[in-house]
Amino acid sequence: MLIQLPADTVPSEITPRAVFDKRREFLKGLAGTALAAALPKSACAGEKFSATLKSPWSTTETPTPYKSVTTYNNFYEFGTEKTDPAQLAQRMKTRPWQISIEGLVKHQKSFAIDDLIKMAPLEERIYRMRCVEGWSMVIPWLGLPLATLLKHVEPQGATKYVEFISAADPKTMPGVASAVLDWPYLEGLRLDEAMHPLTILAVGLYGEVLPNQNGAPLRLVVPWKYGFKGAKSIVKIRLTDREPWTAWMKAGPREYGFYSNVNPAVDHPRWSQATERRIGEFAKRRTLPFNGYAEQVAGLYTGMDLQKFF
Amino acid sequence: MAGPATARQLAALKRILFVLCLVPLLRLAWGAWDDALGANPIEFIQRSLGSWTLNFLLITLTVSPLRRLSGWHWLLRLRRMLGLYAFFYAMLHLVSYLWLDQFFDWQAIAKDILKRPFITVGMSAFMLLLPLAATSSDAMIRRLGGRRWQQLHRSVYAIATLGVVHYWWLVKRDTTLPALYAALLGLLLGIRALWRELERQRQTAGADLGKRTLRNTP
Ligand code: HEM
């Protein structure tokens, strides 16, 4: 049985500034010295989006600092080190950028990114993000519900799944020369997951244009699933009646399932998923079923054995 | 190269090496204080300590082939310190796991050691290091006798192998670095096997020759 959790944050979940500072103190303590050092200022500054909406779906937890969100990334198209994307993604050109919608839709269509952005007012969604590796962040995304786009193109009756295909340009993405994954990166959702109001296409971060290393110009965000479900730098969205065979399923079918819902009760074969380290915190936290979004999404999976459909 | 001629020169060399071996740890301490270890400093510290454990194991294993190839016999006098540093970093790596990763949750730790092959293997490597560290003093070498001591310390080959397997099994997808370590270790162990085989052949040839000369003597 799934434990129903409150929609939003309990006060104890908020990272108090004091805890954050304590960790810094701790690390300074480790070094055994009390000199002060200036942090380098963040290098990437995006253009600000004007007039965006707040959303009731946002958590009130303290967002992870911009610097961490933009320097600690898994984006294998630019290399497998977490620091690679911030260093190498600047070569990627995100304008002009087309996103084509294909497959079982009434209106197959290709959108220029700037037209897609204008399709609906952008909303700020402050979401928890839980990586399959056991760390998490709180990220203030800017985006639009994926449902808005899907309703616009009208899925056909036979549609059961939505596939997301990322860019894979060897000229600007050095990582695709390596065979770590089967390129282009491919992810997928069931249609009802894709239509869920929590599922968004993000185009911004911290009120600004999405930095390249975070999946510019357009990426998927599904906050109750492990982070890798959020395909980055999307060029194609395909509606289909077959369950997509995703890049990570191909890489390790025993380790990565199609659903990949955050679930502390189902361990990765090689490591535990019971706890996570929130970036910026010292102690680990317990991981919540569906990353704390159980109340909103557990209903999508009633009657399913989540140990089997992991 | 002549190498350090006197005991005093060797002592100086050892002091320099002692400090050099602390550099990775000092860099971590500096980085932690300077907040220069990235967004996830705890992971960085833990991984860096693991990498340096493996580095020191391989460096220690390089001493004897390097001595043989170069003829610098004094290198052997530095080996114990390098091995002990491997143990030192392994201990810090283990502590970082017990403390920063698991926060002394002994139940979770026990489960991890039993259930996660990469932890099982890492823990085995560490346990095997303990007797080596415990028998590193001159007194212990004397008590065990050179031959038995040497036999015991051959387990370092297994330890380094377990270390590489541990690394291989923990990476999510990109096995480039563990593969590089595996290749280096293969080289270090391979050259030993080769020399041992050549030595064996030389000895059997020598024995045959000996027999023949014996028979030929009137
Ligand atoms: C001789 C013993 C050991 C060696 C040579 C060794 C070596 C390594 C290496 C090379 C890494 C990867 C570093 C990197 O990713 O850059 C690592 C990571 C790790 N090791 Fe060890 N290790 C040893 C013992 C242990 C023990 C005893 C434990 C715990 C019981 C342990 C737990 C871990 C963990 C949890 C990680 C990090 C995994 C992650 O971040 O995903 N290791 N170790």
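## Buried and exposed residues

A residue is called buried when its relative accessible area is under 20%, exposed when the value is over 50%, and partly exposed in between, using a 1.4 Å probe and protein chains only. By that rule, N291(A) is buried, because its relative accessibility is 2%. You will find N291(A) in the loop between β12 (285–286) and α8 of chain A. Helices (H or I, at least four residues) and strands (E, at least two) are DSSP runs, numbered from the N terminus. N291(A) also has a positive phi of about 55°, although it is not a glycine.

Before going on, please note that this is a predicted model, in which local features need pLDDT of at least 70 and side-chain atom pairs count only at pLDDT 80 or more, while totals for chains, interfaces and linings use all residues. Residues are numbered from 1 along each chain as its sequence is written, chains are lettered from A and ligands numbered from 1 in the order in which they are written, and side-chain values use heavy atoms, with hydrogens and water left out.

## Backbone details in chain A

Y206(A) is another residue other than glycine with a positive phi, near 50°. Y206(A) sits in the loop between β7 (200–205) and β8 of chain A. Is Y206(A) buried or partly exposed? Its relative accessible area is 27%, so Y206(A) is partly exposed.

Now look for two cis peptide bonds. One runs from W183(A) to P184(A), with omega near -5°, and P184(A) belongs to the loop between β5 and β6 (186–190) of chain A. Another joins A216(A) and P217(A), with omega about 0°; P217(A) is in the loop between β8 (208–209) and β9 of chain A.

## Strand β10 and its partners

Strands pair if DSSP finds at least two bridges between them. Strand β1 (residues 98–103) of chain A runs parallel to strand β10 (residues 234–240) of chain A, and four bridges join them. Strand β5 (residues 161–166) of chain A runs antiparallel to β10(A), with six bridges.

Which residue of β10(A) is the bridge partner of S100(A)? That partner is K236(A). K236(A) is the bridge partner of I165(A) too.

## Empty space inside

Rolling a probe the size of a water molecule over the atoms shows where empty space is left. The search uses a 1 Å grid over the protein atoms alone: a cavity is a set of points where a 1.4 Å probe fits but cannot get out, a pocket is an open set with protein on both sides within 12 Å along at least five of seven lines, and lining residues have an atom within 4 Å of a point. Points are joined across faces, edges and corners, and a volume is the space filled by probe spheres set on them. In the whole structure, three cavities of 30 Å³ or more are found.

The largest cavity has a volume of about 330 Å³. Its lining has 24 residues, and N74(A), F75(A), G227(A), F228(A) and K232(A) lie nearest its centre. Strand β4 (residues 135–145) of chain A gives the largest share of this lining, four residues. The second largest cavity has a volume of about 60 Å³, and R128(A), Y226(A) and G230(A) are among its lining residues.

## A pocket in chain B

The second largest pocket has a volume of about 1100 Å³. Of the 35 residues that line this pocket, S64(B), L76(B), R79(B), W149(B) and Q150(B) lie nearest its centre. Its lining comprises 16 nonpolar, eight polar and eleven charged residues. Here Ala, Val, Leu, Ile, Met, Phe, Trp, Tyr, Cys and Pro count as nonpolar, Asp, Glu, Lys and Arg as charged, and the others, Gly among them, as polar.

## The iron site

Which residues coordinate the iron atom of the ligand? They are H93(B) and H166(B), each through NE2, at 2.0 to 2.1 Å. Donors are N, O and S atoms within 2.8 Å of the metal (3.2 Å for Na, K and Ca); water is not among the atoms, so sites may look incomplete. H93(B) lies in helix α3 of chain B and H166(B) in helix α8 of chain B, so the pair ties together parts that are 73 residues apart in sequence. H166(B) is buried, because its relative accessibility is 17%.
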